[in-house]
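Subject: Handing over the two-chain model

Hi there,

Here is the structure I promised to pass on to you. Please open it alongside this email and keep it in view while you read.

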Amino acid sequence: MLSRVANCIYWMARYIERADNIARLVDVNLQLLLDYFQSDKTKLDQYWEPILKSLSIEEAFHAKYQLANTDCATDFLTFDLSNPSSIKSCIRTARENARLVRDQISTEIWEEINRLYHFVNAASAEEIWESSPSEFYRQIRQSSQIFQGLSSSTVLHDEAWEFNQIGKYLERADMTTRILDVKYHILLPRVEDVGGALDTFQWLVILRSTSAMEAYMKTYNSDVTPLQAAEFLILNNIFPRAVRFCIRLVDSALRRLAHLREGEFSHPVEKISGKLLAELDYSAIEDVFQYGLHEYLDHLQVEFNHIGEAMQQTYIYSPAQEMGSEVIWHQQQIQQQ
Amino acid sequence: MDLIHNYSTDGFFDELLDENHQPRPHYAHFIEKLSHLTAEEFAERRQEAEIYFLHRGITFTVYGDAQGVERIIPFDCIPRIIPHREWKRLEEGLIQRITALNLFLHDVYHDQKIIRDGVIPRHYIESARHFRREFIGFNVPRDIYIHICGTDLVRDRNGQYLVLEDNGRCPSGVSYMLENRQAMKRVFPEFFSGANVLPIDAYPSALLRMLQYIAPQGVDDPTVVLLTPGLYNSAYFEHAFLAKSMGIDIVEGADLVVKNHIVYMRTTRGLKPVHVIYRRIDDDFLDPTVFRKDSLLGVPGLIEAYRRGNVSLANSIGTGVADDKVIYYFVPRMIRYYLDQEPIIPNVQTYLAQEPRDYTYILEHLNQLVVKSANESGGYGMLIGPQASSEEIAEFKRKIIADPRNYIAQEPIALSRHPTYCEGKFEGRHIDLRPYILYGEKITIVPGGLTRVALPKGSLVVNSSQGGGTKDTWVLHEDTTN
């Protein structure tokens, strides 16, 4: 397939996944705000700070707003086009990529992305949000699920599918680490609060943000503890949002792309992903905490970037073109008839 | 829903009603079906059609805005219907025309007999902006120049079909023809039962067959691609639609690379040879090493690969000379000269500003004529004399005096009209018809075409860039009336 097409499919899948995750994150936190902090204005004004930090968008946010209160933060995360990771931006980027390859994706996939795009861009979108944010985010998540269902059931499971898988699972692994990292940025009032009600509550939010609560209960059959929650989201092998699960799927997609058998390698990218997978396979959560949870999540994010870059080098890289985009835009338009 | 009540033809030729205000027989079945719908039902279905277009992303890009705004092309739900016998005659006329045009192109790039025999003055050919003298003596694959032609037809006050122009470079719009039919079938399925409408779905496979046919010699299983200018081109939707319907790759210039005069595309598995390019980019932009140096859309080295016969292009290079509006004037002469036949579909009465006698006539009658510049399209660079202000007329006068070669004038045609749904009722609106002709191993014309409709009241300009809309076009099977 064309390298450009592979690239578009990869980014389309990534951005749809990102929109989905941000919708989960914002929705869950909005709901929890209904229960907590109602009286404490200072806390309310900073509530979203850790979330912005974990997404690495706090600088962009503070260039525009002082306080990370609910109004500014949810707007920045949902509708603000100056934030490339806002839901609206993600959906725009996903659709732009889909539009470039609409001959390569199924009509159903294209229509779903297009529908989603029109949903968030309609004048009524903010009204729907005003009347029920939860309903708004549900629609985003649902559309992302439909996109995934259609991706697996309406296209050939060929190369394009592998790039879709790599984009989706790499993004999901990354978002899971970011959601987990929110916990690091929320400072507990006192050291002795660790394991206390507030701490447990915060871990609960994390699990809910990743739709992991029910699966967690099923797995551990016990209260939420930091160690188990982190273990579940990083090292679980059969929960589809856990980092290890995602990296296993990224790795196997990369191996199928290169037609490799067990133990074989043909590009650096498979070594990088294979090494990370082995690390996750053979790590215990105690090792992670000893290393430092935040530090470990950082390390994982760096590795995800390495996989993405090496994949680009192997399959997509073509000499960068120094072009004036304005000129291209003009030339594309003046073609006749 | 009653279509005829309160409907006035205002003295124009109406596609649906005859001069006695009676429906023409080939519309009877449709009118009967429509009468079963209430006004509310009809309005609801119309809305469904719009949602269909929006959700499918069937859009074109309006230029001039900073980002290029996507719009749905307005779609009118009352189909234009053409009886079988009438279509047969049109088909013959279009085949005659594309045959003559291809013979002409071969001739001007080879022996130039038509010039030497004095049928077309040499200076008109040599001054044509898209005449590629670099390709004189060059043999294009299978001797076909125009593979895809979109010929614009109109009907005058007497219902006589006339050729308005031949679009022989990269004509667009065929995707709307196909999507309009899909939308109609989906939203008004009952209109079709018993209507005997000829199907048009064969277009993409006929197009692919034609493209494969022109592959370089010795290539059995050619790789065919569609070359697009890119996402911001007005017809990008169509490029993607056609590539998908044919199962071929859509590529941008940067996806292609030429090595040792062979064209390759960059894939995830390295370079893959390309044999046939359905290019939707103008000649000028195809190869910055040959034509416009500043082109960022093209592929360096493409033309040399083409010259060496390693890759085929559709349409061939240099076809623009045949759709120069001045050369259009000579098409009836070409038909007589090459085929020894009378043109089946006549041209619109046309004057050439560079001919001394016509020049005086044009300048004296500007307020009664339609003036067009030789190489514009999309409804740009036009003067509609009877509707123009005195400033506009003065401006065109200056332009014509400065560059008479670049202008033609035509008698305004009282274009035929068709009932069209306008704010709750049916009104007559002017229409034209663009059938698509494919020239491969044989000449294929799917029965129908794109009917464009000028939506603003009284307007004669049907281009989408000028606020035009479209209709589904039905050609009936021969077993039906007429």
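This is a predicted model: local features need pLDDT of at least 70, side-chain atom pairs count only at pLDDT 80 or more; totals for chains, interfaces and linings use all residues.

Residues are numbered from 1 along each chain as its sequence is written, chains are lettered from A and ligands numbered from 1 in the order in which they are written, and side-chain values use heavy atoms, with hydrogens and water left out.

**Chain A as a whole**

Let's start with chain A, which has 18 helices and zero strands. Helices here are DSSP runs of H or I with at least four residues, strands are runs of E with at least two, and both are numbered from the N terminus. The radius of gyration of chain A is 21 Å, close to the 20 Å that the globule rule gives for 337 residues, so chain A is as compact as a globular protein of that length. That radius is taken over C-alpha atoms, and the globule rule is 2.2 Å times the number of residues to the power 0.38. Along its principal axes, the C-alpha trace of chain A spans about 70 × 55 × 35 Å.

Of the 337 residues in chain A, 54% are buried. Buried means under 20% relative accessible area, exposed means over 50%, and partly exposed is in between (1.4 Å probe, protein chains only). Contacts (heavy atoms within 4.5 Å) tell you about the fold too: among those in chain A between residues at least 6 apart in sequence, 63% join residues at least 24 apart.

**One residue to look up: Trp203(A)**

Trp203(A) sits in helix α11 (residues 197-209) of chain A. Is Trp203(A) buried or exposed? Trp203(A) is buried, with a relative accessible area of 4%. Leaving aside residues up to four places away in sequence, Trp203(A) touches Leu180(A), Lys183(A), Val224(A), Pro226(A), Ala229(A), Ala230(A) and Leu293(A).

**Where the chains meet**

Now for the interface: 52 residues of chain B are in contact with 41 residues of chain A. Between them, chain B and chain A bury about 4,100 Å², with 45% of it on carbon and sulfur atoms. Buried area is the accessible area (1.4 Å probe) that two parts lose on being put together, summed over both. In chain B, the residues that lose the most area to chain A are Lys244(B), Thr268(B) and Leu296(B), together 17% of what that side buries.

The rule finds 25 residue pairs in polar contact across this interface, both residues being at pLDDT 80 or more. A polar contact is a pair of N or O atoms within 3.5 Å; within protein, one must be able to donate a hydrogen and the other to accept it, and residues adjacent in sequence count only if both atoms are side-chain atoms. On the side of chain B that touches chain A, the largest share, five residues, comes from α9(B).

**Salt bridges**

Side chains of opposite charge can pair when their charged atoms come close. A salt bridge is a side-chain nitrogen of Lys or Arg within 4 Å of a carboxyl oxygen of Asp or Glu. Over all chains, a search of the whole structure finds 49 salt bridges, and four are found across the interface of chain B and chain A.

Arg4(A) forms a salt bridge with Asp255(B), and the closest N and O atoms are 2.5 Å apart. Arg4(A) lies in helix α1 (residues 3-35) of chain A and Asp255(B) in the loop between β7 and β8 (256-259) of chain B, so the pair joins two chains. Arg4(A) counts as buried at 17% relative accessibility, and Asp255(B) is buried with a relative accessible area of 6%.

In chain B, Lys471(B) and Asp76(B) meet in a salt bridge through their side chains (2.5 Å, N to O). Lys471(B) is in strand β22 (residues 468-475) and Asp76(B) in strand β3 (residues 75-82), so the pair ties together parts that are 395 residues apart in sequence. Lys471(B) is buried, with a relative accessible area of 1%, and Asp76(B) counts as buried at 4%.

Happy exploring!
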